[in-house]
Amino acid sequence: MAHAQTTHAPSEKYYVPHSSPWPLVGSVSLFLTVGGAAMWLNHSNAGPWVMTVGFAILLFMFAGWFGAVIKESEGRFYNDAVDRSFRMGMMWFIFSEVMFFAAFFGALWYARNFSVPWLGGEGTRALTKIIRGDNYEASWPTDGPGDVGGDFDVIPAFGLPAINTAILLTSGITITIAHHAIKAGNRAVLNIFLGLTIALGFLFVYLQAHEYIEAYQHYNLKLTSGIYGSTFFMLTGFHGFHVTMGAIMLAVVWFRCLKGHFTPTHHFAFEGVAWYWHFVDVVWLGLFVFVYWL
Amino acid sequence: MAHAHDAHAAHDHHDDHGPAKGIGRWLFATNHKDIGTLYMLFSLLMFFVGGTMALVIRAELFQPGMQLVDPMFFNQMTTMHALIMIFGAVMPAFVGLANWMIPLQVGAPDMALPRMNNFSFWILPFAFTMLIGTLFVPGGAPAGGWTMYPPLSQQTGEAFPMLIFAVHLMGASSIMGAINVIVTIMNMRAPGMSLLKMPIFVWTWLITAYLLIAVMPVLAGAVTMLLTDHYFGTTFFEAAGGGDPVMFQHIFWFFGHPEVYIMILPAFGIVSEIIPTFSRKPLFGYDAMVYATASIAFLSFIVWAHHMFTVGMPLAGQMFFMLATMLIAVPTGVKVFNWTATMFKGSISFEPPMLFAISFLFLFTIGGFSGLMLAIVPADFQYHDTYFVVAHFHYVLVPGAVFSLMAAAYYWLPKWTGHMYNMKLAKAHFWLSTIFVNVLFFPQHFLGLAGMPRRIPDYSTQFADWNMISSIGAFGFGLSQLLFVYVIVACIRGGEKASDKVWDSGRPHGLEWTLSSPPPYHSFETAPEVK
């Protein structure tokens with residue numbers, strides 16, 4: 001049995017790596033990263049340093065772990081079953097990300113539909129205002145009855161955010177063209193359109209950073225601007241972080257494409273990242289509608 | 001070096017490949033059995049750490065008045081006991097069982113994503129180092145309850161960010177573990193094993209894994225909002241800025257209620273494996289069991305606000321959450337009925353796993369009934385935050401989830417180690433546990449109905465008698481668990497050789513019994529055919 005296995009290509013069997021140091025390296029790095037962050041928040045001078053070391057080890061872990069996987073993938077150790085595992089794993093990872101955003105969208109929905117109207121004395125809560133002794137009128141956007149953070153203006157939806165929507169939607173098209181190209185074995189089109197997608201991704205992040213600077217400098221809209229500022233910056237901030245991660249992942253796949261990795265039938269890494277890209281795209285549409293527009 | 005390590009492994013990957021030598025076997029493990037063992041040993045350790053904290057609580061409550069600890073430390077104990085038992089003891093134990101049993105039961109060589117499997121385990125010791133470390137920082141450990149309600153939790157000292165980040169790490173670990181379980185089940189089943197031919201333990205874990213992926217990220221979001229409220233000036237949970245502390249409770253319990261089913265659905269699976277074996281009958285109503293499990297999982301998403309009836313909620317909300325909660329009694333009733341019907345006219349024998357399973361059936365049902373009482377809004381106004389609630393959830397978690405884990409250990413330990421354990425001692429462990437768990441928790445029903453509040457280090461003298469009895473039960477239960485450890489350690493070290501079927505006189509069913517005891521290092525190199 002064992003002999004028969006070795007004479008065949010390794011891809012006939014479900015590949016189980018014998019051992020790997022990377023998960024443990026990853027655990028140590030996460031511990032140092034969040035431990036350092038906790039020390040930092042507790043005003044320890046060593047905090048930033050511990051966090052930096054942890055983060056550096058984290059990057060090292062990613063390089064090593066993914067490097068090993070890429071090597072195995074290019075060595076054709078992975079059969080269709082392994083490929084399916086990766087696909088399912090990525091799908092459910094993206095679903096968990098959706099649920100993470102759902103918590104923040106839920107907070108936005110709850111604030112707009114419940115906590116703010118109730119603070120304004122809606123329904124049976126007429127006494128709320130009398131007890132508090134102010135004239136707070138429920139409205140959106142708001143920084144609450146305490147006017148936390150002071151008066152602010154909001155970013156109009158049909159300015160920069162609309163342009164950003166166009167950029168992300170276009171990047172969704174370019175990555176689909178790249179996907180068709182990889183399937184057709186057309187490397188030149190693949191490389192051009194994947195590169196274009198990355199450029200659009202970073203352009204989005206740049207414009208988003210520009211918008212933040214505008215908000216802080218000219219609109220007095222800050223993370224500390226009550227519930228509006230909280231939901232606005234946490235939602236768009238986590239989204240921007242995910243776009244950045246997605247663009248970096250796209251860049252890694254791009255370099256692999258330039259090195260001649262992937263075949264028309266064997267390119268999970270490309271598809272996984274493409275799904276992720278569509279996910280950040282869809283989240284953005286939710287943001288555009290519920291955070292900027294309505 | 002590490003590159004070579006991973007890639008090299010593919011070439012000498014034979015059937016006869018045994019475990020690596022030394023500590024590397026555990027640190028760099030990719031084998032589902034090794035990782036399962038790590039998970040369960042870690043869980044056992046946390047069970048004793050959390051149990052010790054419980055004993056500090058019960059020692060203080062032995063008599064009215066303040067004797068052993070100050071109130072602040074008492075509150076730290078209740079908070080840490082809950083966090084450690086939930087995230088450190090019960091959940092990792094079930095993940096450990098999933099690791100050991102799912103590949104064996106679906107006929108797979110290993111878990112689908114072996115490296116990620118190792119990652120999800122090794123995050124845990126670090127997360128709990130951070131969590132337990134909070135006991136030693138200025139301000140002490142978190143003391144506002146495991147539910148971390150603001151604004152109280154915002155008063156935590158330097159432990160605060162450590163608590164938040166520890167929860168983040170545990171969540172990451174759980175999500176990765178759940179993804180692995182889903183992918184293994186959906187992708188690695190032996191040919192012929194259609195979904196409705198899967199062992200019931202596999203089914204319950206599949207549904208649990210979906211719950212985990214859906215709610216752990218929501219918990220991560222909730223604690224992130226706590227963190228930014230505390231350090232970065234957001235006002236999610238502050239009314240002055242337009243937020244609402246009650247919003248935290250909604251988000252938290254959207255996670256928290258499915259979480260309690262995460263801790264009981266795999267227990268249902270275990271009991272559904274054990275009762276047919278020792279009743280010598282097939283499981284009554286297999287399909288109904290699967291659908292009941294799925295229904296419970298679905299309902300778990302729409303009942304969360306029954307934890308917060310007293311915070312002030314529109315009447316329509318109270319009605320909805322009351323009725324949805326009571327609806328859960330229907331699929332749960334199906335399960336209890338089916339277990340009973342499986343035993344009905346069966347040829348029953350009382351080996352240790354069966355004893356624990358029967359005990360589970362009775363005592364979990366008591367916890368279910370007190371849950372129904374708590375679901376009734378006007379009644380809950382009275383019971384809320386009393387010892388009645390404490391009695392309720394300890395009945396479903398200790399003689400519920402924990403007993404199922406002990407049943408599972410006694411059921412599969414011979415399969416894992418290749419040795420039979422000491423039946424006499426195991427039965428002694430069972431009787432001590434079952435008697436003391438009732439001495440411990442049953443009086444708490446009376447205390448709660450009489451009005452004793454929970455999370456309080458001192459109490460009125462009228463509660464003295466039942467508290468003393470409860471504390472005696474606690475120490476009896478805690479000490480009995482040393483016997484459990486002794487039986488396990490003795491079984492690992494040696495004993496009578498176990499056969500492949502282990503329970504030869506019973507009716508064990510499933511692929512795991514077709515392998516040797518202990519099974520080969522890579523479970524099914526060639527997928528078995530399931531008819």
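The buried residues of α6(A) pack against α7 (187-219) and α9 (268-293) of chain A. This is a predicted model, in which local features need pLDDT of at least 70, side-chain atom pairs count only at pLDDT 80 or more, and totals for chains, interfaces and linings use all residues. Residues are numbered from 1 along each chain as its sequence is written, and chains are lettered from A in the order in which they are written.

Trainee: Which residue follows α6(A), and what is its phi?
Mentor: Helices here are DSSP runs (H or I, at least four residues), numbered from the N terminus. The residue after α6(A) has a positive phi, near 75 degrees, and is Gly185(A).

Trainee: What distance separates the end C-alpha atoms of helix α6 of chain A?
Mentor: The expected span is 1.5 Å times one less than the number of residues. For the 25 residues of α6 (residues 160-184) of chain A that should be 36 Å, and the end C-alpha atoms agree, being apart by 36 Å.

Trainee: How many residues does chain B give to the contact with chain A?
Mentor: Two residues are in contact if their C-beta atoms, placed from the backbone, lie within 7 Å. Chain A gives 66 residues, and chain B gives 66.

Trainee: Which element gives the most to the side of chain B that touches chain A?
Mentor: Elements giving two or more residues to that side include α5 (114-133), α6 (159-187) and α7 (200-231) of chain B. With 11 residues, the element that gives the most is α6(B).
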